[in-house]
Amino acid sequence: MHRRARSRHAWIVAAFSLVASAAGCRAILGVHDYSDDGDLAGADAGNVLESGETDSPLSGDATQQTDGGPCMSDPADGGYLTNATQVVTGLGFSCALLVDGDVACWGDNTRRQLGAFAKVSTSAAPKLVADVHDIKKLAAGDAHVCALSTTGAVTCWGDNASFQLGQLDPSPAGPTSVTAVSSVSDIATGAAHTCVIQAGYGLPRCWGANDVLELGHDSGTGPTPVSVTPSITPPTATTIAAGEQHACTLGTGGVACWGADDRGQLGNNVTQAAVRYTLAFAGTPTVTGVRAGGRDTCVVTTGGLYCAGTNSNGQLGGATPENPGYTATPVPLDTLDAAIDIALSGAHSCVWNADHQLYCVGDNLRGELGNGLLNVDASVIATAVTGVDGGAWFGPVISVAVAADYGGLASDRLQPDAAAYPRHSCAVLQGKCGGMAGAVYCWGSNEAGEVGNGTLKGPVLTPQAVVGVTN
């Protein structure tokens, strides 16, 4: 059975957009290049900083407008990545969708997560993904990325140990077209599986890992897209989201989910090891959106956010009882008043409201909550992300993504090396200069450069601006 190289489980969640469709003072190298024998062969130091520097608009380096708010640096100046419409995060890496349809990635590249064919192990600054253009949506798994084009084509790159790229060769790969699908309207990635909504098919089609029915059928792991097998009359799906080993759709007829349900993450009022396909989140107010990450699922409703799944790290705030620490029955999220959306990982989450306030809650071993602190104990009390406040610095929150390797146990604190796991968060924030794109900020673990601030020093406890593209 093909699976991730690491035995511990992890998960990340793709960002959701609020725009319509839209140690010491040593120098740190931005990119590590390795020769064929694995030795350090050279480095590209474009846009890198001395470790410990914070050359960032949050440090007061931005041009000020007359109202006191900053305009973000022009990307043409090579300052910061300010033309993004979406950000997604994986384990130790991040990618941004740019306003022109190109894609830039930074961080860990040991499984070609950045799309690079060269033996580049990390990049602390964004690199454009070659031959990937006209993209309208990104989705990231543990170590793979898929891009949906404006024509409905799908291109994936990164780890393929479970055939999550839709290719038979299990080796990591650069950008590769998934030719078995076309006319795709939406896409989602789990830890090591990928699902799409494709025109002409009444049900979602999935490929990759299938340990607990995350593909929605019992045909096994594989690279061939296969429609999920319903055990009920399926609703017509229009959007899709995926957690570590489960997925959910929203459409006419409501929410339907499949895959792992050991922590009640399918929101169907029961816990089971695996579920083929089931209606979910019954009894909630009218659902307008579905979000998934780790072993959790939340829905955006006309009455606020409702969530189901595990709360072992406090990522759902005080919404679930301390014992057993999870809920199979959807409950209202209480982490932020009037929250309108959420990004979920296996260990923490971030929520935001219409006033552009961004709060994060849960585990904070790597500074992933962005509040300037490191916490040994997880918290069910959400705290504001430092400096990310629409009333003070920024306009609308455009996109948020969070990532966490959490060990796959009921509590990651049972893992002796939990504090070394990669965990970070990113957001696209619209500056007061306006426009449909915004600047990318990241915080949390940064040993692979996943924060994108030009260094490999971490953890980063408060948001740092991602530096400009270096190629």
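## Disulfides

The model contains seven disulfides, a disulfide being a pair of cysteine sulfur atoms within 2.5 Å. This is a predicted model, in which local features need pLDDT of at least 70, side-chain atom pairs count only at pLDDT 80 or more, and totals for chains, interfaces and linings use all residues. Residues are numbered from 1 along each chain as its sequence is written, and side-chain values use heavy atoms, with hydrogens and water left out.

A disulfide is a covalent bond between the sulfur atoms of two cysteines. Three of these links follow.

Cys95 and Cys105 are joined with their sulfur atoms 2.0 Å apart. The torsion about this S-S bond is about 110°, so the disulfide is right-handed. Cys95 sits in strand β7 (residues 93–98) and Cys105 in strand β8 (residues 103–108), so the pair ties together parts ten residues apart in sequence. Strands (E, at least two residues) are DSSP runs, numbered from the N terminus. Both Cys95 and Cys105 are buried, meaning under 20% relative accessible area; exposed is over 50%, and partly exposed lies in between (1.4 Å probe, protein chains only).

Cys350 bonds to Cys360, S to S 2.0 Å. Here the torsion is about 100°, so this disulfide is right-handed. Cys350 is in strand β27 (residues 348–353) and Cys360 in strand β28 (residues 357–362), ten residues apart. Cys350 is buried at 0% relative accessibility. Cys360 is buried at 0%.

## Cys298–Cys307

The sulfur atoms of Cys298 and Cys307 lie 2.0 Å apart in a disulfide. The link is right-handed, with 110° about the S-S bond. Cys298 and Cys307 are both buried.

## Salt bridges

The whole structure holds nine salt bridges. Each is a side-chain nitrogen of Lys or Arg within 4 Å of a carboxyl oxygen of Asp or Glu.

Asp363 and Arg423 form one of them, at 2.2 Å, N to O. Asp363 is in the loop between β28 and β29 (379–389), and Arg423 is in strand β31 (residues 423–429), 60 residues apart. Both residues, Asp363 and Arg423, are buried.

Glu447 meets Arg366 at 2.5 Å, N to O. Glu447 lies in the loop between β32 (439–444) and β33 (460–465) and Arg366 in the loop between β28 and β29, so the pair ties together parts 81 residues apart in sequence. Glu447 is partly exposed at 43% relative accessibility. Arg366 is buried, at 4%.

Salt bridges that share partners join Glu244, Asp262 and Arg295 into one network. Within it, Arg295 and Asp262 meet at 3.8 Å, N to O. Arg295 is buried at 12% relative accessibility, while Asp262 is partly exposed at 27%.

Definitions and conventions
Helices (H or I, at least four residues) and strands (E, at least two) are DSSP runs, numbered from the N terminus.
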